[in-house]
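Subject: Structure for you to look at

Hello,

I am passing on a structure that you have not worked with before. Please open it and keep it beside this message while you read.

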Amino acid sequence: RCLKRLQWPGNARAGPRSLAHGRRPPSSGAGPSRAMRVEPIPQNLWVRMFDGKLPDPMRKRAQSRSSSAQPARQRLAADADRSCAALPMDVWEIVFRASRPADLCCLRVVCKGWQRRLDHEETDGLWEAAYLAEWSGADATQPVGDAWRLLFLARWWAYGRWGTRLPTASTLMGKKAHGGTVTCVALGDCSLRSGEGAALSAGDDGSILHWRFAGAVGSRALPVGSHHVVAQQHHRQSQGGDVRCPQRTKQFYGHAGPVWSLCFEPEQDLLLSGGYDGTVKMWSLQGERCISTFRGHDGWVRSLALLQRFVVSGGSDGLIKFWNLDTMQCLRTAGPPNVDPRHSTHSLAATGEPGVVLSAHSGLRHLLRWDLASIMSQESFFGHDDDIYAIHTDQQSSMLASGSKDRTVRVWDARLPHKGAVGVLRGHTGAVLDVKLRGHRVVSASMDKTLRMWDIRSPEVPLATLEGHSADVHCVDFRDRMVLSGSRDTSIKVWTVV
């Protein structure tokens, strides 16, 4: 209706091309030709649909122009005002709730009226629903007042920049890092405002290193919506005591060979590691010492999965062992699959169901679902064309991700173990060695020397591709604003979007 009101009579005969370019329509023999003029839509058109009492910028702009065009402009502006009465707030509430969580940030900047409505304390339930929809199983404490809006905006400020901003990379290598291949990394919780946090890395040199991420220069907090004060260069090295790079604070030695797996629980002061010597070690983070050593595997320990005060270990002998961390005893032993020790365990993942663990084994193109109470396995999640190297679930939802030698990442719904994958992520040119799933995001590491970040709701193309390693990328972990990776080139890279 607005377009029809803003056009002169007689333009119905104009073709699309002449209408778009404002040209005179072709004359016909039946009658005299008419000149056509198309006026632009007033800029306050959508604003006045929300609030009809806002001032009319088109009327003010028309007064400053020539007197010949003033009457026509005023008639058009008045005509648009009559057709753009303010819609009830109930209607806009429905529009806001029907929008995607990511679009709420865009709707806030459309006009001041929408921003006032979305920032009102009555809409805090809307922001809570958006937060829980984007990050299912939120681990944050229950906010008060309008804190749900502030929490969503603070987290989305960095979360939504992946794929639109060039990340800053810090490289950790040399004498203060690992002397061999970085086999596994684990990233702790990082502050949304300052970026402070902790991480662990392990390598085939038998060392486990603890890293501390400092905040901004001078330990100043990062306000929501501001620019990162240290994002002044794309790449940073850890040499020279640069306080902007992660610093090594602790180190753990005890394994007689490479360390292949880590479990990191900073809230419980707990660190678990599995190594080439066939042992699982439990460490105290504060005391920097080994508390206990679990022995029982005939080969190296390839993977660990933590279930509250229990840990499940998988080894190259194909066995899966269930340990009690309080009594430090092995409760149950299962496997190997098909009673064949050649099916070594590649990866383990704990699901949201109590006492259920998923495992990936060499020579199998599907996953095994283990019930630890009965020590029975069930074949499930068929779809890969080769060995599965990595599986992961955040235990907050029913979704899980797997990476395979067939160069794909597949996303599954744990509630449908016998159905196909709900999403297939293609893009790597080498085998996928590690994968992490948190919320709707997946980050994968591959033998093609790259990392890729995906949104499982749009699996066609990755959100971002991180290139910088000079050899296979063996391990990866990530949080909202940070990606941590380790490679065969002996380096650890910290990718931060700011």
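Below are notes on a sheet and on two nonpolar cores. Please keep in mind that the model is predicted.

The sheet

Four strands form an open sheet in the order β19-β20-β21-β22, and their pairing is antiparallel. Residues 388-392 make up β19 and residues 423-426 make up β22; these two are the edge strands, each with a single partner, so one side of each has no neighbour in the sheet. From one strand to the next, the twist averages 20 degrees.

Within this sheet, β20 (residues 399-404) and β21 (residues 408-413) run antiparallel and are joined by 5 bridges.

The cores

The largest nonpolar core has 20 residues, and the members that touch the most others are F96, L104, L118, W127, F152 and W156. Two or more residues come from each of α6 (89-98), α7 (101-107), α8 (112-118), α9 (124-134) and α10 (147-159). The biggest contribution is that of α10, with 6 residues. In soluble globular proteins, nonpolar side chains tend to be buried together.

Beyond its neighbours within four places in sequence, W156 is in contact with A102, C105, E134 and W135.

Another core, of 15 residues, lies apart from the largest one; A177, V182, F213 and C475 are among its members.

Regards

Definitions and conventions:
Residues are numbered from 1 along each chain as its sequence is written. This is a predicted model: local features need pLDDT of at least 70, side-chain atom pairs count only at pLDDT 80 or more; totals for chains, interfaces and linings use all residues. Side-chain values use heavy atoms; hydrogens and water are left out. Two strands pair if DSSP finds at least two bridges between them. Axes are lines fitted to C-alpha atoms, for helices over the stretch in contact, and angles run from 0 to 180 degrees between N-to-C directions. A nonpolar core is a set of buried Ala, Val, Leu, Ile, Met, Phe, Trp, Tyr and Cys residues joined through side-chain atoms within 4.5 Å. Buried means under 20% relative accessible area, exposed over 50%, partly exposed in between (1.4 Å probe, protein chains only). Contact means heavy atoms within 4.5 Å.
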